[in-house]
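Here's a quick tour of a protein model with a ligand in place.

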Amino acid sequence: MTDKIRKLKPSTLAAHVGRGHADHQGAVNPPVYHVSTILYPDVATMEERGTRPFDGMTYGRFGTPTTFALEEAVCALEGGYRSIAVPSGLAAITLVLESFLKCGDHVLVSDSVYQPTRRYCDGHLKRQGVETTYYDPLIGADIADLIRPNTKLVFVEAPGSLTFEIQDIPAIAAEAHKKGALVAMDNTWATPLYFKPFEKGVDLSIQAATKYIVGHADAMMGVVTCASQDLWQTVKAHAAAHGLGVGAEEAYLALRGLRTLPVRLERHRETAILLATWLKHRPEVLRVLHPALPEDPGHKLWRRDFTGSCGLFGFIFQPIGKDRVDAFLNALELFGLGYSWGGFESLAIPADSGIKRTVTSWTPGGPTIRLHAGLEDADDLIADLEQALRRL
Ligand SMILES: *Cc1c(COP(=O)(O)O)cnc(C)c1O
């Protein structure tokens with residue numbers, strides 16, 4: 001990335017980076033390259049290109065102009081050295097863990113991490129001989145006490161999946177770096193627009209692009225962005241070793257979604273705050289989990305490190321039975337019942353069964369619900385919540 005590009009504002013980057021019109025006869029969007037095989041004019045060229053397989057198009061699995069354009073655009077927004085697109089957000093997470101951890105190594109993972117990340121650590125990594133220690137998401141600089149000589153990586157995610165705690169990422173990164181460990185972050189909630197991972201000490205930033213980057217609930221994609229060339233080379237080599245190429249149509253959809261990310265996210269942000277503020281005044285609600293609300297325990301850190309919030313937040317009901325919670329969820333008409341989030345549509349899920357802790361406890365005093373505020377009108381969404389609350 002040139003210094004000139006680096007100075008542009010995020011909306012401008014989202015609209016301009018990764019277009020490469022000169023190469024596409026003027027088309028605004030890079031075409032979808034459907035390709036596995038690349039032909040070479042002669043053996044000498046073939047052999048020479050074989051010595052640098054990740055430089056331009058050499059084989060479909062290693063990337064095409066469509067995927068390179070997506071990687072370039074995400075990288076510009078994240079502010080890293082270079083990005084790698086992979087088939088899903090979870091693939092981006094496991095790729096990062098797998099790239100830097102081998103038998104005998106130790107990894108520190110937040111206790112509020114996305115559940116499938118935990119499952120990968122407790123299953124696959126354990127079988128590989130990698131030990132995982134979970135830590136309190138609010139640990140901050142005290143993470144130093146948990147770092148061992150063989151700790152290679154600290155995994156952070158803020159806010160916590162389903163529970164929305166904000167982590168002190170700069171403090172954690174400073175301690176990790178003092179002891180030679182890398183910091184990887186699941187940055188899906190804030191997107192690169194509302195949290196700048198590399199300015200806060202993160203070495204590897206992960207996007208489940210399936211969520212806001214794709215933005216339309218119609219494709220799966222993950223992106224790993226690396227702080228340096230060395231890190232990029234390591235991750236790219238591992239991605240290639242595992243055969244993690246991405247489909248051309250998916251890359252195109254992710255790039256198309258990215259172009260409108262700044263305007264969509266602003267609307268998701270605004271609506272979520274309206275809903276959260278409305279919910280916190282309801283007698284049925286014990287507490288709202290949203291770091292942008294001033295009374296939230298994570299608010300101070302959020303305000304220091306983040307520049308915005310997205311459409312995803314939670315709330316805790318007053319103590320009531322599961323049948324009542326289910327009646328509320330079933331009564332929702334505009335909020336779909338569905339996992340995932342980040343699309344244009346509003347969603348709701350009961351969150352309790354997905355919250356697994358091993359070193360901290362989650363006892364909020366009532367059932368936990370997660371909402372995704374979509375792009376519908378906030379008044380309609382509030383009316384929907386209100387009629388569903390009457391079913392309690
Ligand atoms: C959904 C999600 C993922 C995984 O993304 P997929 O594309 O569904 O694999 C990772 N992290 C977070 C925080 C998520 O919400």
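Start at helix α5, which runs over residues 89–100: with three residues, this helix gives the largest share of the shell around the ligand. Keep in mind that this is a predicted model.

**The ligand and its neighbours**

- The shell around the ligand holds 13 residues, and the ones that come nearest are Gly-89, Leu-90, Asp-186, Thr-210 and Lys-211.
- Sorted by class, that shell has six nonpolar, four polar and three charged residues.
- Which part of Gly-89 pairs up with an oxygen atom of the ligand? A polar backbone atom of Gly-89 does, at 2.8 Å.
- Leu-90 also brings a polar backbone atom, 2.8 Å from an oxygen atom of the ligand.
- Lys-211 uses its side chain instead: a polar atom there lies 2.6 Å from a ligand oxygen.
- On its own the ligand has 380 Å² of accessible area, and the protein covers 90% of that.

**The largest pocket**

- Where does the ligand sit? You'll find the ligand in the largest pocket.
- That pocket holds about 660 Å³ of space.
- Its lining is made of 33 residues, with Tyr-114, Pro-116, Lys-211, Trp-341 and Arg-370 closest to the centre.
- By class, the lining of the largest pocket splits into 17 nonpolar, ten polar and six charged residues.

- About 90 Å³ of space lies in the largest cavity.
- Of the 13 residues lining that largest cavity, Arg-61, Phe-62, Ala-85, Lys-236 and Leu-244 are closest to its centre.
- Helix α9 gives the most, with three residues.
- The lining of the largest cavity is made up of seven nonpolar, three polar and three charged residues.
- The second largest cavity has a volume of about 50 Å³.
- Residues lining the second largest cavity include Asp-111, Ser-112, Val-113 and Gln-115, along with Ser-161, Leu-162 and Thr-163.
- The stretch from Gly-354 through Ile-355 and Lys-356 to Arg-357 is also part of the lining of the second largest cavity.
- Class by class, the second largest cavity is lined by three nonpolar, five polar and three charged residues.

- Most residues other than glycine have a negative phi, and most peptide bonds are trans.
- Is the peptide bond from Ala-158 to Pro-159 cis or trans? The bond is cis, with omega near -5 degrees.
- Pro-159 is found in the loop that links β4 (151–157) and α7 (169–178).
- Phe-164 has a phi near 65 degrees, which is a positive value in a residue other than glycine.
- Look for Phe-164 in the loop between β4 and α7 too.

Key. Residues are numbered from 1 along each chain as its sequence is written. This is a predicted model: local features need pLDDT of at least 70, side-chain atom pairs count only at pLDDT 80 or more; totals for chains, interfaces and linings use all residues. Side-chain values use heavy atoms; hydrogens and water are left out. A residue is near a molecule or strand if one of its heavy atoms lies within 4 Å of it. A polar contact is a pair of N or O atoms within 3.5 Å; within protein, one must be able to donate a hydrogen and the other to accept it, and residues adjacent in sequence count only if both atoms are side-chain atoms. Accessible areas come from the Shrake-Rupley method with a 1.4 Å probe; for residues, only the protein chains shown count as cover. On a 1 Å grid over the protein atoms alone, a cavity is a set of points where a 1.4 Å probe fits but cannot get out, and a pocket is an open set with protein on both sides within 12 Å along at least five of seven lines; lining residues have an atom within 4 Å of a point. A molecule sits in a cavity or pocket if more than half of its atoms lie within 2 Å of its grid points. Helices (H or I, at least four residues) and strands (E, at least two) are DSSP runs, numbered from the N terminus. Ala, Val, Leu, Ile, Met, Phe, Trp, Tyr, Cys and Pro count as nonpolar, Asp, Glu, Lys and Arg as charged, and the others, Gly among them, as polar. Grid points are joined across faces, edges and corners, and a volume is the space filled by probe spheres set on the points.
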